[in-house]
Amino acid sequence: MVRPEGQGPGSDFTFVVIADQDPPFTLRVFVADRALHVWREGHGRELDSVEQYAAAKMRLFRAFDEDDGLRRGRVSLVVDETNVEDLLTSLDL
């Protein structure tokens with residue numbers, strides 16, 4: 001899949017978010033192929049599908065820490081070459 005925002009090829013992970021008593025809503029996290037390339041170069045191995053999902057979920061968690069208005073606006077959550085290492089550091093991969 002290629003994102004229209006110019007992110008290049010990658011994969012979308014869709015999460016259904018349920019917060020407090022509000023109705024559920026969905027958020028998508030895009031994992032750019034560029035992020036996977038940077039990881040492979042730095043660690044000598046591919047991220048498997050479970051690890052890619054983990055990176056997407058960590059990006060989602062970070063978004064909740066950074067932005068109280070996730071429900072209101074259309075946000076673009078991306079795992080790319082600038083944040084993949086940081087997102088996965090806490091998982092000891």
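The model is predicted, with local features requiring pLDDT of at least 70, side-chain atom pairs counting only at pLDDT 80 or more, and totals for chains, interfaces and linings using all residues. Residues are numbered from 1 along each chain as its sequence is written, and side-chain values use heavy atoms, with hydrogens and water left out.

**Figure 1. Overview of the chain and its confidence.** The chain contains three helices and four strands, where helices (H or I, at least four residues) and strands (E, at least two) are DSSP runs numbered from the N terminus. Along the sequence, these elements follow the pattern β-β-β-α-α-β-α. Mean pLDDT (the predictor's confidence in each residue, from 0 to 100) is 86 for the chain, and 87% of the residues reach 70 or more. Confidence is lowest in strand S1 (residues 2-3), with a mean of 56, and highest in helix H1 (residues 33-43), at 95. Where pLDDT is low, the predicted coordinates should not be read in detail.

Figure 2. Asp80 is buried yet forms no salt bridge; Arg34, the nearest side chain of opposite charge, is 4.1 Å away. Buried means under 20% relative accessible area, exposed over 50%, and partly exposed in between (1.4 Å probe, protein chains only). A salt bridge requires a side-chain nitrogen of Lys or Arg within 4 Å of a carboxyl oxygen of Asp or Glu; for charge, Lys and Arg count as positive and Asp and Glu as negative, while His and the chain ends are not counted. Apart from neighbours within four places in sequence, Asp80 is in contact (heavy atoms within 4.5 Å) with Ala32, Arg34 and Ala35.

Figure 3. The 18 residues of H2 should span 26 Å at 1.5 Å a residue, and the end C-alpha atoms are 26 Å apart, which agrees; the expected span is 1.5 Å times one less than the number of residues. The buried residues of H2 pack against strand S2 (8-17), strand S3 (25-32), H1, S4 and H3.

**Figure 4. Gln52 within H2.** Gln52 lies in helix H2 (residues 49-66) and counts as buried because its relative accessibility is 14%. Beyond neighbours within four places in sequence, Gln52 is in contact with Phe13, Val31, Leu36 and Leu47.
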